[in-house]
Amino acid sequence: MSTTRRDFLRRSALGGAAAALVLQFPWTGEGEIVATTAAEAPFHPNPWIEIAPSGSVVLVATNSEMGQGARTSLPMLLAEELGADWANVAVRHAMPGKDFPDMRTSGSSSVVDNWIPLRKVGAAAREMLIAAAAERWRVPAAECRTEKGRVLHSGGKSLPFSELVAAASKVPVPKDPPLKDGKAYTIVGSRVRRVDGPKIVAGSAVYGLDVRIPGLRKAAVARPPVFGAKPVRWNAAAARAIAGVTDVVEIPTGIAVVASDTWTALSGRDALAVEWDEGPHRADSTASHWRALEEAIPRAKPSRNEGDAPAALARAARRISAEYRYPFQGHATLEPMNCAAHVTPGACEIWVGTQAPNEAQKDVAKLLGIPLENVRLHVELLGGGFGRRLGYDYVIEAVGLARRVAGPVQVVWDRADDFRGDFYQPAALHRIEAGLDAAGRPVAWVHRVSTFHLSMFGPFRPDDPVHWEGNPDGAVDNPYAVPDLRVEYAPVEAPVNTGAWRSVDYPSGVFARESFIDELARAASRDPLAFRLDLIPSPGTVKLRTISLDNGDRLRRVLSLAAGKAGWLERFERARDGRRWGRGIACNIYHRQTTVAQVAEVSVGEKGDLRVHRVVCAIDCGRAVNPLGLEGQVESGILWGLSATTHGRITFAKGRVEQAGYDDFPVVRMGEAPVVETHIVPSDVRPLGAGEQPVPPIYAAVANAVFDATGVRVRELPIRAEDLKAARG
């Protein structure tokens, strides 16, 4: 931290009565807090907190807002410890740079990572305000507290923050301020509506696509129809002949047309009539991708090996096996990729919705050969991220184009660009075999997995043993107590761009595992809930080679809670309204921490048409900072997974992605959305994350419910009506 104590005192003296109290919390993880002062200027490049002479409180957020409510939950942490008036708390977004070197938003970590740091910052400000008030009143600080933007004394005196800002700025900064007892929370744990909700609903919120800059032109790019294809020839003159087209530029990702507006840029792109060489992947198809995964399975290497599963299988009274297939998935963000950039001599300014602003800034600086601090990157609202915007290929593309044309330019992807140029969630193949003893209890479990490598996070390294021995989530962290258990994994070099997706690679593994445990329960003539509960070890933490699973008691608790709320043990009518009804249950421990269980209630018609009527979810994710926001995360996560369960898949033919929009890659619409009931397990432990965690169980919960309704076992997604109808005969 560059600000010294001497700087602080000097600025305090200069600030005087008009100063604002500004607390900086550098992202070092050390918990260092320093204070500076500033004049009434509305902008401070680095501080996390600003308390203005007006009494308003501003938090500079580092986590991107993509619908998960970070700009509400994070200031709640601050306001709680500060004792602020929630009505006076505002948030503005940080800009990546040396003071904010880690603004990455991923892994459901916004609240998890900020839980201690932001509370410390709020507590430090609270202690300084209290010290200032105590000094003025000449009373012990221990007799004072903060509440709703005021410092209160036990004797009845009170002062608003606004009257204490200047004096508080001169108070020594507490190095380790005490944090509130959770029992005293008044904001954390309350149901708070999103602070940006009204603007989003009214359409006045500014997303990346809404950015308006004087002189801004738009660009559309003719992109390869096949991954790896190169342009051979194109008609630049035809594009330039369109009024409004100003530039036609060949760039690494294709041929860019720059124009006065988006429509003209798209029209110019169409006029190019580009011919492509189609590259080495011209013959790739969904069938060839499955063959690659099938051929890899025999090469799988152990990721977890307890006992002697092959020998136990040979001794088992009964052996059961199944294969599960999970297709490529797209992100399908409602707001397509876009980025505005303005490159000037020695500098660059960018406006973009991104989950990885620091990484983008660094690579832009490297691309342009300019200092990092000369790259100013404004993080706009994201119209959907889901992991897609952890990649910043579209930022590099826009900057690369902007340095070749005059003035600012915004590259806008159309819907087909987005679907066909995505970083897809990889397809996966799971083969599981288990042995049951004479009593129907599993005695052996062998789970073999092959998946395509996540290319977004680095090149495929076939000779790297760590790479091969990776941890296929959902398979390697099997929470059930089977005496002899073996998990084998075979990564495969991806033929297309692949990357993070909401809940990353958990969905396929949990779909396979939770479907198979249901198959074992049915084979043993056991209730699927009771079968699971009997197999979850309790109490204690399950230790694996490189990971540990949280206490099995928490998984048992959410299973029992979800089942109880769903009326699992109550009578359930399976023939109603001319349809077959069923219920399915599934659970998971996500990232070895958050536990989730879901019960899905479905019906299937004579034509195989599937309806998901109700999903009951129990979740234990530690302390719920904003239960209203958490419920939103659960609902959105279930709908996200449900879209992939019942609709979405990316397929390939002749090297081309066959989907181009929501008409051939549908998502769950409002009319299809089930009733979602969320039950949060009360907890005093730190937050454990809740954005991705509700996604994985829904696949198997629905698939198991389909079996309960029809007797048809779903082993490949998405569930299609024609498959159900054909299987029922």
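How many salt bridges does the count come to? The count comes to 47 salt bridges, and keep in mind that the model they sit in is a predicted one. Side chains of opposite charge can pair when their charged atoms come close.

Start with a pair whose partners are neighbours but one in the numbering. Arginine 325 makes a salt bridge with glutamate 323, with 2.9 Å between the closest N and O atoms. Is arginine 325 buried or exposed? Arginine 325 counts as buried, because its relative accessibility is 16% and the cut-off for buried is under 20%. Glutamate 323, at 26% relative accessible area, is partly exposed.

Now for a pair that reaches further along the chain. Aspartate 620 and arginine 557 form a salt bridge, and here the closest N and O atoms are 3.6 Å apart. Aspartate 620 belongs to strand E28 (residues 610–620) while arginine 557 belongs to helix H16 (residues 552–566), so this pair ties together parts that are 63 residues apart in sequence.

The side chains of arginine 614 and glutamate 601 meet in a salt bridge, 3.6 Å from N to O. Arginine 614 is in strand E28 and glutamate 601 in strand E27 (residues 594–604), so to speak two distant parts of the chain linked across 13 residues. Glutamate 601 counts as buried, with 14% relative accessibility.

So what do these strands build? Strands of a sheet pair through backbone hydrogen bonds, either parallel or antiparallel. Here, five strands form an open sheet with mixed pairing, and the order is E25-E26-E27-E28-E31. At the edges you'll find strand E25 (575–576) and strand E31 (675–680), each of which pairs on one side only.

Zoom in on strand E26 (residues 579–590) and E27: they run antiparallel, joined by 11 bridges. Tyrosine 590 is a handy place to look, as this residue stands opposite threonine 594 in E27.

And which strands does H16 lie across? Helix H16 lies across E26, E27, E28 and E31, and runs at about 30° to E27.

Conventions: Residues numbered from 1 in each chain as written. Predicted model: local features only at pLDDT ≥ 70, side-chain atom pairs only at ≥ 80, totals over all residues. Heavy atoms only, no water. Salt bridge = Lys/Arg side-chain N within 4 Å of Asp/Glu carboxyl O. Buried < 20%, exposed > 50% of the residue type's maximum accessible area, 1.4 Å probe, protein only. Helix = DSSP H or I, 4+ residues; strand = E, 2+ residues; numbered from the N terminus. Pairing = 2+ DSSP bridges. Contact = heavy atoms within 4.5 Å. Axes fitted to C-alpha atoms, helices over the stretch in contact; angles between N-to-C directions.
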